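Could you walk me through how the nonpolar residues are arranged here? Let's look together.

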Amino acid sequence: MIRLFAALLFSILPMVTVSADVGMPALTVSPASNGGETYTLSIQILALMTVLTLLPAGLMMMTSFTRIIIVLAILRQALGTAQTPTTQTLVGLALFLTIFIMMPVFEVSYEAGVKPYMEEKIEAEDAVKNAIEPFRKFMLAQTRDSDLNLFASLSGNEDIESYDDVPLSMLLPAFVTSELKTAFQIGFMIFIPFLIIDLVVASVLMAMGMMMLSPLIISLPFKLMLFVLVDGWGLIMGTLASSFYM
């Protein structure tokens, strides 16, 4: 778990520059032999603790979390179970599934950037570049060319020749846009069977003259029964996990 958070932090954090003329001994910045700067351990910990607030945004933007949580929310709406499962349950499920899907990316990012930096083999700038590269490859594999072309046109960078030249500032919004499209496509396919059950139940109630009875009350047990019989949770988790490719 420590490796996971370290890989995420070093992949989404910008370079933190700290300068001070006179300060406490624990907050000093000493010049390195290669012309760079070396920060004390206290400053590094302070910087990491400060930017922990960026972790949720980075998790949503650079991982599979966005697609998963949207699909789960649409599934709950299709079932018509109101607040069951609870929002906390869905977020927790999405978080753990995200860790499962992204673990290969986290491990490569840790080995390439975080671990060498912790061992003081590379500078912080090189560590950030090495740690973010696996996330770039993951996002490029999930992003549609049409979305990349859209943001390239908006940014005026239409002369990009290869995927390696795509800047992160353009890749991130294109990736999130593609994730939203894919999530709603999966959600639409999930919604159709439950919608059919609602229509059938509503038609039967209308034919029987029971117009004052809400169709949702009658259709809910049938939708739950169908979802359980087809092992719905297993199908949803398997579909979401297999929908990501690298």
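Some questions and answers about the nonpolar core and surface follow.

This is a predicted model, with residues numbered from 1 along each chain as its sequence is written. Local features need pLDDT of at least 70, side-chain atom pairs count only at pLDDT 80 or more, totals for chains, interfaces and linings use all residues, and side-chain values use heavy atoms, leaving out hydrogens and water.

Q: Which residues have the most contacts inside the largest nonpolar core?
A: A nonpolar core is a set of buried Ala, Val, Leu, Ile, Met, Phe, Trp, Tyr and Cys residues joined through side-chain atoms within 4.5 Å. The largest one has 40 residues. Those with the most contacts inside it are Ile68, Leu72, Ile236 and Leu240.

Q: Which residues is Ile236 in contact with, leaving aside its neighbours within four places in sequence?
A: Contact means heavy atoms within 4.5 Å. By that rule, and with those neighbours set aside, the partners of Ile236 are Leu72, Leu75, Ile190 and Phe227.

Q: Is Phe194 buried or exposed?
A: Buried means under 20% relative accessible area, exposed over 50%, and partly exposed in between (1.4 Å probe, protein chains only). Phe194 lies in helix H8, where helices are DSSP runs (H or I, at least four residues) numbered from the N terminus. Because its relative accessibility is 5%, Phe194 counts as buried.

Q: How does Ile196 count at 48% relative accessibility?
A: Ile196 also has its place in helix H8. Since its relative accessibility is 48%, Ile196 counts as partly exposed.

Terms used:
Helix = DSSP H or I, 4+ residues; strand = E, 2+ residues; numbered from the N terminus.
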